Amino acid sequence: MKINFRNLGYSAAFLTALYAFTGCNESTILGKDLIPGSDKVTVKDTTINNLITMNIQEADSSIRTGQANYGAALGSITDNPVFGKSSGFLYTGVGLPKLEFSFAGTGQTLDSVVLYIGCDTLWYGENQGMNLRVYRMNEPGFKADSNYSYTRPLSYDQGELLANVTAFPVYPKDSLSIYGVKQAPALRIPLSAAFGNLLLQQRADGAFKDDTTFRDFLKGLAIVPDTNVSKTMLFVNLNKGDTRISVYYKNSTEDSLIANFPFQQYYSPHANYFTRNYTNSQVAPFLNTNKPTGDTAIYLQEAPGIYTKFQIPGIENFPKAIINKAELVFTKINSNLAGKEKIFTDPDQLFLWRYITHDSLGYIVDYGNPSNPDLAYFGGNRTVISNIGGIEVVQYKFNIARHLQFMLDKKLDNSVFKLEAISNRHQIDMRSVKLGGGTGTPPINAKLRIIYTQL
(Lines give C-alpha, C1' and ligand atoms only; values in the text may rest on other atoms or scores of the structure.)
Protein backbone atom coordinates (compact mmCIF):
# COMPACT_ATOMS: atom_id res chain seq x y z
CA MET A 1 0.00 0.00 0.00
CA LYS A 2 1.28 3.45 -0.82
CA ILE A 3 1.01 5.92 2.05
CA ASN A 4 -0.98 8.95 1.02
CA PHE A 5 0.44 12.23 2.26
CA ARG A 6 -0.77 15.64 1.18
CA ASN A 7 2.14 16.00 -1.16
CA LEU A 8 5.69 14.79 -1.59
CA GLY A 9 6.99 17.70 0.42
CA TYR A 10 4.79 16.77 3.34
CA SER A 11 5.83 13.14 3.03
CA ALA A 12 9.50 14.02 3.04
CA ALA A 13 9.06 16.34 6.02
CA PHE A 14 7.16 13.72 7.99
CA LEU A 15 9.75 11.01 7.38
CA THR A 16 12.54 13.46 8.15
CA ALA A 17 10.85 14.24 11.46
CA LEU A 18 10.44 10.57 12.27
CA TYR A 19 14.00 9.66 11.38
CA ALA A 20 15.33 12.74 13.16
CA PHE A 21 13.62 11.61 16.32
CA THR A 22 14.98 8.09 15.95
CA GLY A 23 18.50 9.19 15.11
CA CYS A 24 18.24 7.32 11.80
CA ASN A 25 18.24 4.06 13.76
CA GLU A 26 15.00 2.15 13.29
CA SER A 27 15.22 0.37 16.63
CA THR A 28 15.48 3.60 18.60
CA ILE A 29 12.01 4.61 17.53
CA LEU A 30 10.96 3.05 20.85
CA GLY A 31 12.97 5.42 23.01
CA LYS A 32 16.63 5.76 23.88
CA ASP A 33 15.92 4.82 27.49
CA LEU A 34 15.46 1.24 26.33
CA ILE A 35 18.94 0.87 24.83
CA PRO A 36 21.21 -1.07 27.20
CA GLY A 37 24.40 0.48 28.48
CA SER A 38 27.79 -0.65 27.35
CA ASP A 39 28.27 -2.75 30.47
CA LYS A 40 25.29 -4.96 29.57
CA VAL A 41 27.21 -6.90 26.97
CA THR A 42 25.01 -9.99 27.33
CA VAL A 43 21.86 -8.06 26.56
CA LYS A 44 20.57 -8.30 23.01
CA ASP A 45 18.26 -5.99 21.12
CA THR A 46 16.05 -7.03 18.22
CA THR A 47 13.03 -5.65 16.41
CA ILE A 48 10.35 -7.91 14.92
CA ASN A 49 8.88 -6.33 11.81
CA ASN A 50 6.70 -9.11 10.42
CA LEU A 51 3.57 -8.67 12.54
CA ILE A 52 0.41 -9.82 10.75
CA THR A 53 -2.28 -7.16 11.16
CA MET A 54 -5.84 -7.53 9.87
CA ASN A 55 -8.65 -4.96 10.02
CA ILE A 56 -12.01 -6.31 11.20
CA GLN A 57 -15.40 -4.68 10.86
CA GLU A 58 -18.38 -6.40 12.45
CA ALA A 59 -21.37 -5.64 14.66
CA ASP A 60 -20.53 -5.22 18.34
CA SER A 61 -22.97 -7.35 20.32
CA SER A 62 -21.81 -5.80 23.60
CA ILE A 63 -23.39 -2.44 22.74
CA ARG A 64 -27.02 -2.25 23.80
CA THR A 65 -29.41 0.68 23.87
CA GLY A 66 -32.54 1.15 25.94
CA GLN A 67 -33.12 0.25 29.59
CA ALA A 68 -30.40 1.94 31.71
CA ASN A 69 -28.39 3.11 28.65
CA TYR A 70 -29.42 6.74 28.34
CA GLY A 71 -26.57 7.87 26.11
CA ALA A 72 -26.92 7.98 22.32
CA ALA A 73 -25.29 9.37 19.18
CA LEU A 74 -27.46 11.72 17.12
CA GLY A 75 -26.47 13.20 13.78
CA SER A 76 -24.29 12.29 10.81
CA ILE A 77 -20.69 12.55 9.68
CA THR A 78 -20.73 12.38 5.90
CA ASP A 79 -17.38 13.87 4.87
CA ASN A 80 -14.66 11.65 6.34
CA PRO A 81 -12.72 10.36 3.30
CA VAL A 82 -10.84 7.75 5.33
CA PHE A 83 -13.62 6.19 7.44
CA GLY A 84 -16.74 6.99 5.43
CA LYS A 85 -20.13 7.93 6.88
CA SER A 86 -21.70 7.47 10.30
CA SER A 87 -25.28 8.24 11.34
CA GLY A 88 -27.21 8.08 14.60
CA PHE A 89 -31.01 8.02 14.98
CA LEU A 90 -32.66 8.65 18.35
CA TYR A 91 -35.93 7.15 19.54
CA THR A 92 -37.53 8.28 22.79
CA GLY A 93 -40.80 8.41 24.65
CA VAL A 94 -42.03 10.82 27.31
CA GLY A 95 -44.51 10.49 30.14
CA LEU A 96 -47.50 12.34 31.55
CA PRO A 97 -47.06 15.30 33.93
CA LYS A 98 -49.29 13.26 36.27
CA LEU A 99 -51.99 10.64 36.04
CA GLU A 100 -55.41 11.84 34.82
CA PHE A 101 -53.76 15.03 33.64
CA SER A 102 -55.72 17.99 32.28
CA PHE A 103 -54.51 21.29 30.89
CA ALA A 104 -55.37 24.15 33.19
CA GLY A 105 -58.64 26.04 32.78
CA THR A 106 -60.77 26.21 29.66
CA GLY A 107 -60.40 27.69 26.22
CA GLN A 108 -56.74 26.69 25.88
CA THR A 109 -54.74 28.29 23.08
CA LEU A 110 -51.33 27.02 21.98
CA ASP A 111 -48.33 29.32 22.04
CA SER A 112 -45.73 26.68 21.05
CA VAL A 113 -44.63 23.12 21.70
CA VAL A 114 -40.94 22.25 22.04
CA LEU A 115 -38.99 19.02 22.36
CA TYR A 116 -35.93 19.31 24.62
CA ILE A 117 -33.22 16.62 24.46
CA GLY A 118 -30.47 16.46 27.08
CA CYS A 119 -27.07 16.51 25.38
CA ASP A 120 -23.46 16.50 26.45
CA THR A 121 -21.80 19.80 25.57
CA LEU A 122 -19.20 17.89 23.57
CA TRP A 123 -19.69 16.94 19.95
CA TYR A 124 -17.72 15.43 17.08
CA GLY A 125 -17.25 17.01 13.66
CA GLU A 126 -17.97 20.57 12.64
CA ASN A 127 -19.74 23.24 14.64
CA GLN A 128 -22.46 23.78 12.09
CA GLY A 129 -26.19 23.42 11.70
CA MET A 130 -27.54 19.92 11.24
CA ASN A 131 -30.90 19.03 9.77
CA LEU A 132 -33.13 16.96 12.05
CA ARG A 133 -36.62 15.65 11.42
CA VAL A 134 -38.98 14.41 14.10
CA TYR A 135 -41.70 11.81 13.45
CA ARG A 136 -44.29 10.03 15.56
CA MET A 137 -43.27 6.43 16.13
CA ASN A 138 -45.43 3.42 15.37
CA GLU A 139 -43.00 0.76 16.63
CA PRO A 140 -45.06 -2.01 18.25
CA GLY A 141 -44.04 -2.94 21.78
CA PHE A 142 -41.66 0.00 22.25
CA LYS A 143 -40.91 -0.42 25.96
CA ALA A 144 -38.70 1.11 28.64
CA ASP A 145 -37.67 -2.28 29.99
CA SER A 146 -36.37 -3.57 26.63
CA ASN A 147 -32.80 -3.68 25.37
CA TYR A 148 -32.31 -2.78 21.71
CA SER A 149 -29.38 -3.49 19.44
CA TYR A 150 -27.87 -0.37 17.91
CA THR A 151 -28.10 -2.17 14.54
CA ARG A 152 -31.90 -2.30 14.65
CA PRO A 153 -33.89 0.57 13.09
CA LEU A 154 -37.26 1.17 14.75
CA SER A 155 -40.46 2.07 12.96
CA TYR A 156 -41.91 5.56 12.60
CA ASP A 157 -44.65 7.09 10.46
CA GLN A 158 -43.07 9.21 7.73
CA GLY A 159 -46.50 10.73 7.12
CA GLU A 160 -46.49 12.31 10.58
CA LEU A 161 -43.65 14.79 10.39
CA LEU A 162 -43.61 16.86 13.58
CA ALA A 163 -40.48 18.95 12.93
CA ASN A 164 -37.91 19.75 10.27
CA VAL A 165 -35.30 22.00 11.85
CA THR A 166 -31.68 23.07 11.72
CA ALA A 167 -30.08 22.46 15.11
CA PHE A 168 -26.63 23.36 16.40
CA PRO A 169 -24.35 21.70 18.98
CA VAL A 170 -25.04 22.50 22.61
CA TYR A 171 -22.65 24.67 24.61
CA PRO A 172 -22.17 24.67 28.41
CA LYS A 173 -23.54 28.22 28.61
CA ASP A 174 -26.53 27.56 26.37
CA SER A 175 -29.02 27.77 29.24
CA LEU A 176 -32.44 29.21 28.42
CA SER A 177 -34.59 31.51 30.48
CA ILE A 178 -38.25 30.49 30.16
CA TYR A 179 -40.71 32.77 31.89
CA GLY A 180 -37.88 33.93 34.15
CA VAL A 181 -36.66 30.41 35.06
CA LYS A 182 -33.21 29.30 33.84
CA GLN A 183 -33.10 25.90 32.14
CA ALA A 184 -30.17 23.48 31.74
CA PRO A 185 -28.48 23.35 28.31
CA ALA A 186 -30.39 21.06 25.96
CA LEU A 187 -31.05 20.50 22.27
CA ARG A 188 -34.19 22.52 21.49
CA ILE A 189 -36.50 21.36 18.66
CA PRO A 190 -39.76 23.28 18.02
CA LEU A 191 -42.55 20.88 17.06
CA SER A 192 -45.48 21.59 14.77
CA ALA A 193 -48.49 23.57 15.93
CA ALA A 194 -50.70 20.74 14.64
CA PHE A 195 -49.06 18.36 17.10
CA GLY A 196 -49.33 20.90 19.92
CA ASN A 197 -53.04 21.38 19.25
CA LEU A 198 -53.50 17.61 19.15
CA LEU A 199 -52.05 17.43 22.65
CA LEU A 200 -54.33 20.22 23.83
CA GLN A 201 -57.33 18.22 22.69
CA GLN A 202 -56.56 15.22 24.93
CA ARG A 203 -58.36 14.75 28.25
CA ALA A 204 -57.93 13.08 31.63
CA ASP A 205 -60.52 10.44 30.82
CA GLY A 206 -58.88 9.63 27.49
CA ALA A 207 -55.23 9.61 26.37
CA PHE A 208 -54.11 11.37 29.56
CA LYS A 209 -55.75 8.93 31.97
CA ASP A 210 -52.65 6.85 32.75
CA ASP A 211 -49.31 5.70 31.32
CA THR A 212 -50.86 2.91 29.27
CA THR A 213 -53.41 5.10 27.49
CA PHE A 214 -50.78 7.79 26.93
CA ARG A 215 -48.31 5.36 25.35
CA ASP A 216 -51.08 4.07 23.12
CA PHE A 217 -51.64 7.64 22.01
CA LEU A 218 -47.94 8.61 21.69
CA LYS A 219 -45.66 5.57 21.32
CA GLY A 220 -42.59 7.77 21.01
CA LEU A 221 -40.69 10.21 18.83
CA ALA A 222 -38.09 9.37 16.19
CA ILE A 223 -35.39 12.02 15.67
CA VAL A 224 -33.89 11.39 12.25
CA PRO A 225 -30.72 13.10 10.95
CA ASP A 226 -29.91 14.10 7.40
CA THR A 227 -27.60 11.30 6.21
CA ASN A 228 -26.43 13.08 3.05
CA VAL A 229 -24.73 16.34 4.00
CA SER A 230 -24.56 16.59 7.80
CA LYS A 231 -21.11 16.99 9.39
CA THR A 232 -21.88 16.89 13.11
CA MET A 233 -22.49 14.14 15.67
CA LEU A 234 -24.07 15.07 19.01
CA PHE A 235 -23.88 12.91 22.12
CA VAL A 236 -27.27 12.65 23.75
CA ASN A 237 -27.94 11.92 27.40
CA LEU A 238 -31.69 11.52 27.80
CA ASN A 239 -31.40 11.44 31.56
CA LYS A 240 -29.66 14.80 31.64
CA GLY A 241 -30.79 18.31 30.81
CA ASP A 242 -34.46 17.70 31.57
CA THR A 243 -35.48 15.87 28.38
CA ARG A 244 -39.17 16.61 27.79
CA ILE A 245 -41.94 17.93 25.58
CA SER A 246 -43.05 21.33 26.81
CA VAL A 247 -46.42 22.74 25.79
CA TYR A 248 -46.62 26.53 26.19
CA TYR A 249 -50.20 27.77 26.22
CA LYS A 250 -52.74 30.12 27.70
CA ASN A 251 -56.38 29.71 28.63
CA SER A 252 -59.32 32.05 28.90
CA THR A 253 -58.03 33.58 32.15
CA GLU A 254 -54.26 32.96 32.35
CA ASP A 255 -51.14 33.49 30.24
CA SER A 256 -47.68 31.87 30.29
CA LEU A 257 -48.78 28.38 31.20
CA ILE A 258 -46.51 25.33 30.73
CA ALA A 259 -47.24 21.63 30.72
CA ASN A 260 -44.15 19.40 30.75
CA PHE A 261 -44.28 15.81 29.49
CA PRO A 262 -40.97 14.51 30.91
CA PHE A 263 -38.63 11.73 29.99
CA GLN A 264 -39.03 9.32 32.89
CA GLN A 265 -35.84 7.49 33.82
CA TYR A 266 -37.44 4.13 34.54
CA TYR A 267 -40.60 4.32 32.45
CA SER A 268 -39.84 6.07 29.13
CA PRO A 269 -38.79 3.83 26.21
CA HIS A 270 -35.65 4.83 24.31
CA ALA A 271 -33.19 3.43 21.79
CA ASN A 272 -30.38 4.44 19.42
CA TYR A 273 -29.94 3.21 15.84
CA PHE A 274 -26.37 3.75 14.64
CA THR A 275 -24.86 2.93 11.25
CA ARG A 276 -21.47 3.02 9.56
CA ASN A 277 -21.17 3.19 5.78
CA TYR A 278 -17.67 2.61 4.37
CA THR A 279 -18.65 2.71 0.68
CA ASN A 280 -16.02 4.57 -1.40
CA SER A 281 -13.95 5.36 1.71
CA GLN A 282 -10.22 4.79 1.95
CA VAL A 283 -10.67 1.99 4.47
CA ALA A 284 -13.16 -0.02 2.39
CA PRO A 285 -10.59 -2.21 0.53
CA PHE A 286 -8.87 -3.05 3.84
CA LEU A 287 -11.83 -4.51 5.74
CA ASN A 288 -12.14 -8.23 6.49
CA THR A 289 -9.62 -9.15 3.78
CA ASN A 290 -8.19 -12.16 5.68
CA LYS A 291 -4.95 -11.87 3.72
CA PRO A 292 -2.37 -14.35 5.05
CA THR A 293 0.23 -11.58 5.18
CA GLY A 294 -2.18 -9.09 6.74
CA ASP A 295 -2.93 -5.47 5.84
CA THR A 296 -0.36 -2.79 5.20
CA ALA A 297 -2.26 -0.24 7.31
CA ILE A 298 -4.27 -0.46 10.52
CA TYR A 299 -7.60 1.38 10.71
CA LEU A 300 -9.13 1.81 14.16
CA GLN A 301 -12.47 3.37 15.03
CA GLU A 302 -14.05 3.76 18.42
CA ALA A 303 -16.95 1.39 18.93
CA PRO A 304 -18.92 0.32 17.11
CA GLY A 305 -16.37 0.52 14.35
CA ILE A 306 -13.16 -1.17 13.24
CA TYR A 307 -10.58 -3.06 15.27
CA THR A 308 -7.46 -5.01 14.38
CA LYS A 309 -6.45 -8.61 15.00
CA PHE A 310 -2.73 -9.23 14.90
CA GLN A 311 -0.24 -12.02 15.39
CA ILE A 312 3.47 -12.29 16.13
CA PRO A 313 4.43 -15.17 13.85
CA GLY A 314 7.09 -17.56 15.11
CA ILE A 315 7.57 -15.89 18.48
CA GLU A 316 7.31 -19.30 20.16
CA ASN A 317 10.63 -20.14 18.44
CA PHE A 318 12.41 -17.18 20.01
CA PRO A 319 15.66 -18.17 21.79
CA LYS A 320 15.38 -19.08 25.45
CA ALA A 321 15.80 -15.76 27.19
CA ILE A 322 15.01 -13.42 30.02
CA ILE A 323 12.90 -10.59 28.57
CA ASN A 324 14.06 -7.23 29.87
CA LYS A 325 11.76 -5.15 27.71
CA ALA A 326 9.19 -5.85 25.01
CA GLU A 327 7.37 -2.93 23.49
CA LEU A 328 4.75 -2.90 20.76
CA VAL A 329 4.73 0.32 18.76
CA PHE A 330 2.04 1.58 16.42
CA THR A 331 2.76 4.77 14.48
CA LYS A 332 0.13 7.04 13.00
CA ILE A 333 0.03 7.64 9.27
CA ASN A 334 -0.90 11.24 8.65
CA SER A 335 -3.63 10.82 6.05
CA ASN A 336 -4.77 13.48 3.62
CA LEU A 337 -7.88 14.85 5.37
CA ALA A 338 -8.08 18.13 3.47
CA GLY A 339 -7.17 20.16 6.55
CA LYS A 340 -9.63 18.36 8.86
CA GLU A 341 -7.06 16.72 11.13
CA LYS A 342 -8.37 18.73 14.08
CA ILE A 343 -11.95 17.67 13.31
CA PHE A 344 -11.45 13.94 12.77
CA THR A 345 -9.51 13.48 15.99
CA ASP A 346 -7.44 10.51 17.17
CA PRO A 347 -8.48 8.25 20.05
CA ASP A 348 -6.90 9.21 23.36
CA GLN A 349 -6.18 5.58 24.08
CA LEU A 350 -5.92 2.17 22.46
CA PHE A 351 -6.40 -1.13 24.26
CA LEU A 352 -4.78 -4.51 23.77
CA TRP A 353 -6.38 -7.90 24.46
CA ARG A 354 -5.51 -11.52 23.73
CA TYR A 355 -7.94 -14.07 22.35
CA ILE A 356 -8.47 -17.08 24.61
CA THR A 357 -10.81 -18.63 22.04
CA HIS A 358 -11.95 -17.31 18.68
CA ASP A 359 -14.47 -14.97 20.37
CA SER A 360 -13.42 -14.89 24.05
CA LEU A 361 -11.01 -12.20 25.23
CA GLY A 362 -8.54 -12.10 28.10
CA TYR A 363 -6.21 -9.52 29.57
CA ILE A 364 -2.52 -9.19 28.73
CA VAL A 365 -0.36 -10.23 31.70
CA ASP A 366 1.24 -6.77 31.82
CA TYR A 367 -2.16 -5.13 32.31
CA GLY A 368 -2.00 -6.38 35.88
CA ASN A 369 -4.89 -7.00 38.22
CA PRO A 370 -8.05 -5.99 36.31
CA SER A 371 -9.47 -4.45 39.48
CA ASN A 372 -6.33 -2.32 39.87
CA PRO A 373 -4.50 -2.34 36.53
CA ASP A 374 -0.99 -1.00 36.03
CA LEU A 375 -2.00 1.40 33.26
CA ALA A 376 1.04 3.65 33.58
CA TYR A 377 3.29 0.69 32.76
CA PHE A 378 1.00 -1.07 30.29
CA GLY A 379 0.61 1.98 28.03
CA GLY A 380 -1.71 2.54 25.08
CA ASN A 381 -2.01 6.31 25.35
CA ARG A 382 -1.72 8.63 22.38
CA THR A 383 1.77 10.13 22.55
CA VAL A 384 3.35 12.84 20.40
CA ILE A 385 6.97 11.76 20.20
CA SER A 386 8.09 14.55 17.89
CA ASN A 387 6.77 17.84 16.54
CA ILE A 388 9.22 19.30 14.08
CA GLY A 389 7.96 22.18 11.98
CA GLY A 390 4.42 21.54 13.15
CA ILE A 391 4.49 17.95 11.86
CA GLU A 392 3.52 15.57 14.63
CA VAL A 393 4.80 12.03 14.92
CA VAL A 394 2.18 10.17 16.97
CA GLN A 395 2.59 6.72 18.47
CA TYR A 396 0.73 4.29 20.71
CA LYS A 397 2.97 1.92 22.72
CA PHE A 398 2.34 -1.15 24.87
CA ASN A 399 4.70 -2.93 27.25
CA ILE A 400 4.23 -6.70 27.01
CA ALA A 401 7.46 -8.05 28.52
CA ARG A 402 5.76 -10.19 31.15
CA HIS A 403 3.27 -11.58 28.68
CA LEU A 404 6.04 -12.40 26.20
CA GLN A 405 8.04 -14.14 28.96
CA PHE A 406 5.01 -16.34 29.73
CA MET A 407 4.78 -17.19 26.03
CA LEU A 408 8.47 -18.12 25.80
CA ASP A 409 8.18 -20.20 28.97
CA LYS A 410 5.25 -22.09 27.36
CA LYS A 411 2.84 -20.87 30.04
CA LEU A 412 0.74 -19.09 27.41
CA ASP A 413 0.11 -19.88 23.76
CA ASN A 414 1.15 -17.57 20.97
CA SER A 415 -2.41 -16.37 20.58
CA VAL A 416 -4.05 -13.76 18.39
CA PHE A 417 -4.20 -10.24 19.83
CA LYS A 418 -6.92 -7.64 19.51
CA LEU A 419 -6.11 -3.93 19.19
CA GLU A 420 -8.98 -1.47 19.51
CA ALA A 421 -9.70 2.19 20.12
CA ILE A 422 -11.60 2.74 23.34
CA SER A 423 -13.67 5.70 24.45
CA ASN A 424 -13.75 7.06 27.98
CA ARG A 425 -16.65 9.28 26.98
CA HIS A 426 -19.49 7.38 25.33
CA GLN A 427 -20.65 3.86 24.56
CA ILE A 428 -20.88 4.88 20.89
CA ASP A 429 -18.12 7.27 19.83
CA MET A 430 -16.44 8.62 16.74
CA ARG A 431 -12.69 9.12 17.02
CA SER A 432 -10.47 7.15 14.64
CA VAL A 433 -6.87 6.71 13.55
CA LYS A 434 -4.87 5.17 10.73
CA LEU A 435 -1.64 3.42 11.72
CA GLY A 436 1.13 1.59 9.95
CA GLY A 437 0.40 -2.13 9.63
CA GLY A 438 2.71 -5.10 10.03
CA THR A 439 3.66 -5.02 6.35
CA GLY A 440 3.63 -1.23 6.17
CA THR A 441 6.55 0.87 5.02
CA PRO A 442 9.30 1.29 7.65
CA PRO A 443 9.75 3.14 9.90
CA ILE A 444 5.96 3.57 10.23
CA ASN A 445 5.15 -0.14 10.25
CA ALA A 446 3.85 -1.87 13.39
CA LYS A 447 6.68 -3.55 15.26
CA LEU A 448 7.75 -5.29 18.45
CA ARG A 449 11.09 -4.37 19.96
CA ILE A 450 12.59 -6.87 22.40
CA ILE A 451 15.55 -6.32 24.72
CA TYR A 452 16.57 -9.64 26.25
CA THR A 453 19.30 -11.69 27.88
CA GLN A 454 19.79 -14.94 26.05
CA LEU A 455 20.20 -17.99 28.26
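**Reading the features of a predicted model**

A: In this predicted model, a salt bridge joins the side chains of Asp 348 and Arg 431, with N to O at 2.9 Å. Asp 348 belongs to the loop between strand S21 (321-331) and strand S22 (349-355), and Arg 431 to the loop between strand S28 (417-422) and strand S29 (432-436); the pair thus links distant parts of the chain, 83 residues apart.

Q: What is the general idea behind such a pair, and how many salt bridges does a search of the whole structure find?

A: Side chains of opposite charge can pair when their charged atoms come close. In this structure the search finds 16 salt bridges.

Q: Are Asp 348 and Arg 431 buried or exposed?

A: The reading rests on relative accessible area: under 20% is buried, over 50% is exposed, and values in between are partly exposed. Asp 348, at 40%, is therefore partly exposed. Arg 431 has a relative accessible area of 5% and is therefore buried.

Q: Which residues do salt bridges with shared partners join into one network?

A: The network consists of Glu 302, Asp 348, Arg 425, Asp 429 and Arg 431.

Q: With which residue does Glu 392 form a salt bridge, and which parts does the pair tie together?

A: The partner of Glu 392 is Arg 382, and their closest N and O atoms are 3.2 Å apart. Because Glu 392 lies in strand S27 (residues 391-399) and Arg 382 in strand S26 (residues 379-388), the pair ties together parts that are ten residues apart in sequence. Glu 392 is partly exposed at 24% relative accessibility, and Arg 382 is partly exposed at 29%.

Q: Are the side chains of Glu 420 and Lys 418 buried or exposed?

A: Glu 420 and Lys 418 meet in a salt bridge with an N to O distance of 3.8 Å. Both Glu 420 and Lys 418 are buried.

Q: Where does Ser 415 lie, and which residues is Ser 415 in contact with?

A: Ser 415 is placed in the loop between H5 and S28. With a relative accessible area of 11%, Ser 415 is buried. Apart from neighbours within four places in sequence, Ser 415 is in contact with Arg 354 and Tyr 355.

Q: The backbone also deserves attention. Which residues does a cis peptide bond join?

A: The angle to inspect is omega. Another cis peptide bond joins Pro 442 and Pro 443, with omega of about 5°, and Pro 443 lies in the loop between S29 and S30.

Q: What phi has Glu 100, and what phi has Ser 256?

A: Glu 100 is not a glycine, yet its phi is positive, about 50°. Glu 100 occupies the loop between strand S5 (84-92) and strand S6 (109-117) and is partly exposed at 49% relative accessibility. Ser 256, likewise not a glycine, has a positive phi of about 55°. Ser 256 sits in the loop between strand S16 (244-250) and strand S17 (257-262) and is partly exposed, with a relative accessible area of 42%.

Q: What pLDDT does the protein average, and where does pLDDT stay under 50?

A: The protein averages a pLDDT of 88, and 88% of the residues score at least 70. Over residues 1-17 pLDDT stays under 50, and the model has 36 contacts beyond four places in sequence for them. Over residues 19-36 pLDDT also stays under 50, and the model has 38 such contacts for them.

Note on methods. Residues are numbered from 1 along each chain as its sequence is written. This is a predicted model: local features need pLDDT of at least 70, side-chain atom pairs count only at pLDDT 80 or more; totals for chains, interfaces and linings use all residues. Side-chain values use heavy atoms; hydrogens and water are left out. A salt bridge is a side-chain nitrogen of Lys or Arg within 4 Å of a carboxyl oxygen of Asp or Glu. Helices (H or I, at least four residues) and strands (E, at least two) are DSSP runs, numbered from the N terminus. Buried means under 20% relative accessible area, exposed over 50%, partly exposed in between (1.4 Å probe, protein chains only). Contact means heavy atoms within 4.5 Å. pLDDT is the predictor's confidence in each residue, from 0 to 100.
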